[in-house]
Amino acid sequence: MSTTHTAMNYDKEFFDSPEFRELLTRYEQSRKLNMNSYFGVDEFVDLLSYYLFIDNKAEAEEVMKASKRFHPSAPENIKMEIKLSLCYNEPERAYELFKGLEFTNEADTLSLKAEIMLALKNFKEAREIALTILRQAGPDRDCVYDALEILLDCGFAIEALQICEIALKSAPKQRQLLEVKAECLIELQRTNQAVDIYNRLLDENPYSTFYWEQLGHVYYMVKKFGKSLESFEYENAIDESIEYAGIMQGYCYYHLKDYSKAKEILTTFARKYDKAVAPLFYLGLISYHCGNIDDALQYFASAIENAQEESIEIMLARINKAMLLDSIGETGRAEDALSMALLMHTDNLKQLVLTEKHLYELRDKENLTFDDMNILEAKEWTTEDAFYRLGAHLTAHKHFVLAKRVFQYCRDLCYDPTDIDAYIAYILWNTGEKEKSVTAIESAINGRSNKLFELFGLAYDAGMSADTFVKLAENRKSDA
């Protein structure tokens, strides 16, 4: 299992340091006044790292361009371009750029290569590079923590934890090693032990926003939303400018069903970031839970307008919109919304298998729980799997017309369509088209679909004819 790792505390501490804040202020003032001031290449490296840390790729690009103007031959420019390529999910380009570097056995160059291998899903080579760094470095070097993070991202949490514990025997109070150990424990879902580490670190440094944030995130992942909320509130009390803590409070209030407070927070974010999708999406969910269907439809329409075409965000918003329209009798409009979702669907459909609630709840790297992750990473979910789960979900909530459209769309994608035929039979039966259902019933029986019998509440019998099945189903309904 691979959780998403928050940047380590030494990054956050550096970016919060007076030294870096002074550099950032000088740079941003220079940009604002269009002064084209001089900065050293190492300063540009720090600035680019900061903008990538806060996920501002556009500003990171500007930093790289400025560095190339002032230091055209500096190899650091290539490294910055590699990091940007990785952020834009272009690992092949990053690898080609890396080949143009004069390769050294230094830890930062090795770490960069490992990041590229990780993005290329060459986990074996990334692991070997991480182990090389660990063999070369002393226990107090920052590159040790980078290497351990690489091991974690490669899926070697147990190995990383073992290395941490060995290192901690000789340096039991080494804070960065404790941080990595906590991340390993989170990866392994040993959350109580991770919480214990963060609480001990907070005893020593109660004003660390990083530790409160990590603690809040751990509690969120195990659905202890009250404790998670408290942690993010502490973080905001220390530094009210940390927006991550604010948005996470909004999510916590949503899950705690305090929709008034959740709406207040998320409305603030929706106004401040008027092109963002997530706040609008969750405002739609809040309106739905409060019984305001018209408002919910409007919020999902706004989310659709903001979302990238062929993204999971726009697809889930369209599906939710379709279910809401269907629930108020606007089935024609609902079919149109669903058709757009199917026609312009993303390649990343995994979130369609998260069907715990009626409407889909948009997930990103910040608001995943372990329950979500255990489902998402249980197997390689294919397009067939995802659409089948969507159809089953729509059927369970009696959106029969929408479910039939999904099953008809994905039937040809399926290696074995017999369970889909079972669902189509059930849908036709429940929408007054019993005669049409017979063909699908026969196909499902011939394909040995136990799902057919399960849907109709009958005992499985592979030798049953379609006519007998129909009679038993009718008798069962009249008995009920």
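So, S437: leaving aside neighbours within four places in sequence, this residue is in contact (heavy atoms within 4.5 Å) with A425, L428 and W429. S437 sits in helix α25, residues 434-446. Helices here are DSSP runs of H or I with at least four residues, strands are E runs of at least two, and both are numbered from the N terminus. Is S437 buried or exposed? S437 is buried, at a relative accessible area of 0%; buried means under 20%, exposed over 50%, and partly exposed in between, using a 1.4 Å probe and protein chains only.

Before I go on: this is a predicted model, where local features need pLDDT of at least 70 and side-chain atom pairs count only at pLDDT 80 or more, while totals for chains, interfaces and linings use all residues. Residues are numbered from 1 along each chain as its sequence is written, and side-chain values use heavy atoms, with hydrogens and water left out.

Okay, the whole chain. We've got 27 helices and zero strands, and the C-alpha trace spans about 80 × 45 × 45 Å along its principal axes. Of the 480 residues, 50% count as buried.

Now the cores. A nonpolar core is a set of buried Ala, Val, Leu, Ile, Met, Phe, Trp, Tyr and Cys residues joined through side-chain atoms within 4.5 Å. The largest one has 89 residues, and the members touching the most others are I319, L352, F387, I441, L452, F456 and F469. Helix α19, residues 312-327, gives this core its largest share, ten residues. Take F469: not counting residues up to four places away in sequence, F469 touches I441, I445, L452, F453, F456, L458 and M464. There's also a second, separate core of 62 residues, with A137, Y145, C154 and A182 among them.

Next, a helix pair. Helix α5 (residues 75-87) packs against helix α7 (residues 107-119) at an angle of about 25 degrees, and their axes are 11 Å apart. Axes are lines fitted to C-alpha atoms, for helices over the stretch in contact, with angles from 0 to 180 degrees between N-to-C directions. So α5 is roughly parallel to α7, a label for angles under 35 degrees. Which residues in α5 meet α7? On the α5 side they're K79, I82, K83 and L86, and they meet D108, T109, L112, E115, I116 and A119 in α7.

Last stop, helix α3, residues 41-53. Buried in α3 are V41, F44, L47, L48, Y50, Y51 and L52. After α3 comes D55, with a positive phi near 60 degrees.

Technical notes: Expected span 1.5 Å × (residues − 1). Parallel < 35°, antiparallel > 145°, perpendicular 65-115°, else oblique.
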